[in-house]
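Thanks for coming, everyone. I'll keep this short.

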Amino acid sequence: MPVDWKPKKATSYIWYVAVLLSCAHIASIMDRYLLSVVLEDVKRALSLTDTQLGVLQGPAFVLSFALASIPLGRLSDLVSRKWIIAGAVAFWSAATFACAFADTFAELLFARLAVGLGEAALMPSAVSIIVSLFSEEKRSLGISIFTAGSSLGRAAGFSIGGAILGWSTAAGPGARILADLGFAAWQTVFLAGGIAGIVLTVVLLLTLREPPRRPVEGPKTRLADALLHFYRNKAAYLSIFLPFALFNAIVQMLGAWSVSFYVRKFGITAAEAGALVGTTVLIAGPAGHLFGGWLNDRLTRNSPGIQPFILLVILGLSPIFILAFTMSPSVPAAAAAFMLFYLAGAVSGPTSYSGCQIPTPDAHRGSISAIFLTFFTLVGFGLGPLVVGAVGDLMVPGVNNLGSAMQMCTLIFAVAGMLAAFLGRPAFIRAAVEAKPPLTAHKDRETAPA
């Protein structure tokens, strides 16, 4: 008997789900950056080297995250996405909690690997749920609410983590109790992150319901089927994957080096620079994500395959914004250029997340999302911060080399990404037209499960 996959209409519920999943995204990004807040305290407490700290911030997280993304994405195509998300939040929150009890580099390394492993499960299942609930006309806006969590999480990691560290260091009433129990200020930050995640897990279990999937004719698909579908449509997918991955490299470059740039060029303190970057991201990020969702929904109605073109425009603007940022004569001017870059760049999130779903059948959404996630994580985290440092040391040595290195890397990443978007756009348009379902199939899908 065929399954009725179209549930009853409940508009308020689907917006709640988008916000709830965005909160999970905020928690994941926040926990990812808590170590950066307490880095110097951890270094002293565990007697670590800068190289070990670099491993904990980068490879320790990215390695498990990248290796687990595709298997966990495939799992989201087969079992309840609600339970995957709730289990993932509980797992990475427990790992964050465990960071507080690490006494050695090896123990903290294992905990960070576990954080990356848990966070790899969120995006494929979350995007799949949003696609199941939202109509095609509002899909990008729903996804933009979810992707806004990345900017909010980054800001929360630095601001809330820093506030908790300051409260613990000042030894307020509650902090004295934790101190008496033997917890240092840096350990309190990890404890708070873990507890917040467990609370979120309970909310997910109580309020999130698994939406029905479109029934798939014939036997269940395999991961090999998803990989074959990706290969057959590789030109279409790479017109999204590669431009966004290279733009993500620019974003990660700024995330790694913008504070140092402010300190070196303008002589402000690291704390002042960190607060400035956090505030800029907090203001520009969510606004750009929501605008990007609205823009994609509006343009997609009459222009199938618009996503590669949007990415091409964003990449084309990036060298201009980075040039203005690095050449600004004052802190306010640099902050304004940084905000314009981040505002335009945030549009790339919903553009790419929704774009990679357009040529993807329901049976492969989790797997394709996981491939996308693995691709842009490896390229973004692998290239951005590393290449800027290498270019600065090798090609433009000097005290003020950071700005020049950022300009050069941005130009290279942008040109390569624009070329991929331009060459792949015809294939993406064909795939978008072929994948477009009959109007009756998607009509009134803006629904919640019965």
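Start with Cys409: buried or exposed? Cys409 is buried, at 1% relative accessibility. Buried here means under 20% relative accessible area, exposed means over 50%, and partly exposed is in between, with a 1.4 Å probe and protein chains only. Cys99 is buried too, with a relative accessible area of 2%.

Some ground rules. This is a predicted model, where local features need pLDDT of at least 70, side-chain atom pairs count only at pLDDT 80 or more, and totals for chains, interfaces and linings use all residues. Residues are numbered from 1 along each chain as its sequence is written, and side-chain values use heavy atoms, with hydrogens and water left out.

Next, Met406. Met406 sits in helix α18, residues 401-435. Helices are DSSP runs of H or I, at least four residues, numbered from the N terminus. The relative accessible area of Met406 is 0%, so Met406 is buried. Met253 is 153 residues away from Met406 in sequence, yet their C-alpha atoms are 7.6 Å apart.

Now confidence. pLDDT is the predictor's confidence in each residue, from 0 to 100. The protein chain averages 82, and 85% of the residues score at least 70. Among its elements, helix α5 (residues 81-99) has the highest mean pLDDT, 95. Helix α19 (residues 439-442) has the lowest, 41. Over residues 438-450, pLDDT stays under 50. That stretch has 46 contacts beyond four places in sequence, a contact being heavy atoms within 4.5 Å. Where pLDDT is low, the predicted coordinates should not be read in detail.

Methods:
Helices (H or I, at least four residues) and strands (E, at least two) are DSSP runs, numbered from the N terminus.
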